Amino acid sequence: MSVRTQQGSAPEDQAEDRIGSRLDPRTEPRAGALAGDLAEDLPDPLELASRRPGNRGAVDVRTLTRVLFERLSELPPDAPERARVRSALIEINIPLVRYAATRFRSRSEPMEDVVQVGTIGLINAIDRFDPGRGVQFPTYALPTILGEIKRYFRDNVRTMHVPRRLQELWVQVSGAMEELTVTHGRAPKVPEIAANLRIPEEDVRACLDAGRAYNAASLEAAQEHEGGLALLDRLGYEDSALTDVEHRDMVRHLLVQLPERERRIIMLRFFANLTQSQISTELGMSQMHVSRLLSRILSRLRTGNSWEE
């Protein structure tokens with residue numbers, strides 16, 4: 001059952017009323033020319049259309065659309081006139097596409113690109129529409145146009161891949177944000193959005209990040225609020241010597257446990273870079289004794305045991 005407004009008309013019908021139920025050849029010259037050409041062959045569509053006072057060139061879009069679809073259904077598939085009627089239907093319903101495109105004006109895409117994508121949806125709606133079902137064309141066409149535009153944003157606009165689940169959840173989150181903003185008179189918080197949709201707060205945060213992930217920021221682009229520094233200049237890097245800090249602290253802890261002579265041997269060998277022969281001369285002992293002491297000291301240090309004489 002379709003949703004009705006207080007006036008008893010469907011939202012799509014009201015959408016057509018809001019964008020203008022009449023086609024003015026002065027503002028849509030191509031559509032006006034097509035309508036004028038078709039008027040010679042069609043059963044007087046200009047006479048069927050109601051006119052506004054002071055605007056004798058205005059044509060009722062809904063009536064003209066109905067008449068054009070009636071003519072289109074009467075024509076055989078290979079009739080040359082079929083292309084002209086189809087083109088006229090596209091031109092006079094472009095305002096419906098522009099109305100649908102305004103729902104996406106907050107996106108970074110140029111509005112004309114969105115209108116072009118919506119026009120593809122309009123063409124698909126015209127080709128699939130069956131007047132015999134008793135449904136108004138705007139009621140049928142608007143969801144098709146919106147679906148084509150949403151598919152475009154989902155598949156072609158994002159420079160980063162976002163899971164389909166988060167893309168679909170973003171539609172619910174953005175709708176809840178608009179509703180809560182009107183209710184509270186301020187931007188809603190994450191817990192409020194989560195409570196409204198009955199989903200975890202983690203999903204809301206992930207969805208907010210994914211919903212804005214349309215374009216990747218350049219690492220080399222200068223940031224005005226950061227004094228002209230590029231993002232790359234403010235990113236940290238992995239310090240290759242960072243792991244040595246813990247090792248140095250551990251070695252220092254073990255060295256203080258060594259007796260004075262053994263600690264001096266380690267310092268001369270690994271910090272002063274003396275050979276075993278030079279150490280033996282420095283300490284007045286044989287090189288073989290220095291070698292045995294080094295092996296013993298290093299074995300103790302590797303096991304981490306305290307020094308025992």
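Which residues does Leu274 touch, not counting residues up to four places away in sequence? Select Leu274 in this predicted model, and display its contacts with Leu268, Arg269 and Ile279. Leu274 is located in the loop that lies between helix 14 (260-271) and helix 15 (276-283). Is Leu274 buried or partly exposed? Its relative accessible area is 22%, so Leu274 counts as partly exposed, the buried class being limited to values under 20%.

Arg269 lies over the face of the Phe270 ring, at 5.6 Å from the ring centre.

**The aromatic cluster**

Now move to the aromatic side chains. The whole structure contains four aromatic pairs. Select Phe69 and Phe129: their ring centres are 4.7 Å apart and their planes meet at 55°, so this pair is tilted, since only planes over 60 degrees apart would count as edge-to-face. The two residues belong to distant parts of the chain, 60 residues apart: Phe69 is in helix 4 (residues 61-74), while Phe129 is in the loop between helix 7 (111-128) and helix 8 (137-157). Both Phe69 and Phe129 are buried.

Phe137, like Phe69, is buried. Finally, include Tyr140: ring pairs link Phe69, Phe129, Phe137 and Tyr140 into a cluster.

**The nonpolar cores**

In soluble globular proteins, nonpolar side chains tend to be buried together. In this model, the largest nonpolar core has 33 residues. To find the residues with the most contacts inside this core, select Leu68, Phe69, Leu122, Ile126, Phe137, Ile145 and Ile149. Then colour the elements that give two or more residues to the core, namely helix 4, helix 5 (80-92), helix 6 (94-101), helix 7 and helix 8. Helix 8 supplies the largest share, eight residues.

Centre the view on Ile126. Which residues does Ile126 touch, not counting residues up to four places away in sequence? The contacts are with Phe69, Arg86, Leu89, Ile90 and Phe137.

For the last stop, select Leu169, Ala176, Ile199 and Val204. These are among the 12 residues of a second, separate core.

Key: Residues numbered from 1 in each chain as written. Predicted model: local features only at pLDDT ≥ 70, side-chain atom pairs only at ≥ 80, totals over all residues. Heavy atoms only, no water. Phe/Tyr/Trp six-rings, centres within 6.5 Å; stacked < 30°, edge-to-face > 60°. Helix = DSSP H or I, 4+ residues; strand = E, 2+ residues; numbered from the N terminus. Buried < 20%, exposed > 50% of the residue type's maximum accessible area, 1.4 Å probe, protein only. Lys NZ or Arg CZ within 6 Å of the ring centre and 35° of its normal. Core = buried A, V, L, I, M, F, W, Y, C linked by side-chain atoms within 4.5 Å. Contact = heavy atoms within 4.5 Å.
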